[in-house]
Amino acid sequence: MKKEDILSELIENIKDDKLIKIVFSDKQDGDFNKIIIKPLSLKSAKNIQIESFKDNKAFHKNIELNNIEKIKNILKEYVENFKQILLQIESLNISFMKKKETFIKKENNNNLIKNSNEHNKKKQYILNEGDKIDFLIELGLMSVEGKILKSSYNKFKQINKYLEFIDDVIVELKTKKLINNHINILDFGCGKSYLTFALYYYLKNYRKDLSFSIVGLDLKKDVIEFCNKLAQKLSYENLEFLNGNIKDYDRAKEVDLVFSLHACNNATDYSLEKALSLNAKAILAVPCCHHEFFEKIQKNKDSKFYDTLKIIADNGIVLDKFASLATDSFRSLTLELCGYKTKMIEFIDMEHTPKNILIKAIKSRSSNLKENLKEKLKEYNSLKKFLGIQPLLEELTKKYFLIDTNTEMPYN
């Protein structure tokens, strides 16, 4: 398919108000690593919003739809500069992948209802109030009439935010050909499983292009019994809950997606190690209770960190926040050294919970992966040396590194 044909298709869907979003990725040239375009209605007029990503920072600009020539010129530049394009419209995902000077086009049904992107209207979600959603009713978040209970609205927003991340991850996994028409998912530390049930509901009702299996794991026997009974009551097939420790899980040889939400302290590290041992294609982790770095930093008063940032080290509440950020940064770097492309994202607004950093890791297929790993290893070692600590995560995951930490050369 020619570039001009893609450009015409993008413009046509924007004009016809069919657009949900366009994602440009796998940069070939230009300043930005990724571009996301969505429709946006303001009081003044209909717009498109362009969200550009560079060095983990996002930049936004809005362009009115009546300025179609300007939009066309911008899209033309993006088509030139990126190798992968995802066009998401109502009921359809269309992907374009560059091969030499032409693009290969593929279509998949997505069964997603177009979201409202209007700043001045009530926000629309993947799961919407007014729909009678069985698991939300059973878990006490929604009335039998389909109304979200006032005390549960923050949880409802969190569930939808989570499903938005899942949708993006699935699109990326399919685009990179890491999965085809089936996905195996593990939820470590599932708890009462609001999000696990939401994931099932989403996959069953909105992703008709995928078959799936989901396993939830938790240490609390009574919680697992509750979840299994609810899954049976709702006739949720291919969903199973197991009682046990992350370290002991041995039911699967490989999985596609592992998520670990609010696993306390080093339970997150053990879940990451288990995900690596299962050759997970994608990992989503929202860590909690970061004690290890805080305690180890406090004990080593000879570190460069103490020399440089004594004002932080001597103030417990500030050190606690710093240690949390340092822990998750180290986790992200560790996964990079294991061959993943990682990103740290705000999970939900700070007003809802302080535990709001999500680590997203997707298996990398970069052609210059080994060269990048040399720089990542330098960054990794510099962080350890600065903090003056030896993290548990390194002991757990070092065998999965794609680069020799002693010689600083990639493994064959």
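This is a predicted model: local features need pLDDT of at least 70, side-chain atom pairs count only at pLDDT 80 or more; totals for chains, interfaces and linings use all residues.
Residues are numbered from 1 along each chain as its sequence is written, and side-chain values use heavy atoms, with hydrogens and water left out.

The chain is divided into domain 1 (3-109) and domain 2 (153-400), with bounds taken from an automatic or database domain assignment. The C-alpha centres of domain 1 and domain 2 are 30 Å apart. To the contact between them, domain 1 contributes 11 residues and domain 2 contributes nine, contact meaning heavy atoms within 4.5 Å. The size of an interface is often expressed as the accessible area lost when the parts come together. For domain 1 and domain 2 the buried area is about 850 Å², of which 42% lies on carbon and sulfur atoms; buried area here is the accessible area (1.4 Å probe) that two parts lose on being put together, summed over both.

One salt bridge is counted between domain 1 and domain 2, a salt bridge being a side-chain nitrogen of Lys or Arg within 4 Å of a carboxyl oxygen of Asp or Glu. K21 and D168 form a salt bridge in which the closest N and O atoms are 2.5 Å apart. The side of domain 1 that touches domain 2 draws at least two residues from each of β5 (82-89), β6 (92-99) and β7 (102-108). The largest share, three residues, is supplied by β5. Strands (E, at least two residues) and helices (H or I, at least four) are DSSP runs, numbered from the N terminus. By class, this side of domain 1 comprises three nonpolar, six polar and two charged residues. In this classification, Ala, Val, Leu, Ile, Met, Phe, Trp, Tyr, Cys and Pro count as nonpolar, Asp, Glu, Lys and Arg as charged, and the others, Gly among them, as polar.

Across the whole structure, 22 salt bridges are found. One of the salt bridges joins the side chains of E254 and K281, at 3.7 Å from N to O. This pair links distant parts of the chain, 27 residues apart: E254 lies in the loop between β10 (239-243) and β11 (257-264), and K281 in the loop between α7 (267-277) and β12 (282-288). E254 is partly exposed, at 45% relative accessible area, whereas K281 is buried, at 14%; buried means under 20% relative accessible area, exposed over 50%, and partly exposed in between (1.4 Å probe, protein chains only).

A further salt bridge, with an N to O distance of 3.1 Å, connects the side chains of D328 and R331. These residues are separated by about one helical turn because D328 and R331 are three residues apart in helix α11 (residues 316-337). D328 is buried at 3% relative accessibility, and R331 is buried at 2%. Helix α11 also contains S332, which is buried with a relative accessible area of 7%. Not counting residues up to four places away in sequence, S332 touches T342 and M344.

E394 and K384 form another salt bridge, their closest N and O atoms being 2.7 Å apart. E394 is in helix α13 (residues 392-397) and K384 in helix α12 (residues 369-387), 10 residues apart; both E394 and K384 are buried. Finally, a network of salt bridges links D167, K174, R207 and D209.
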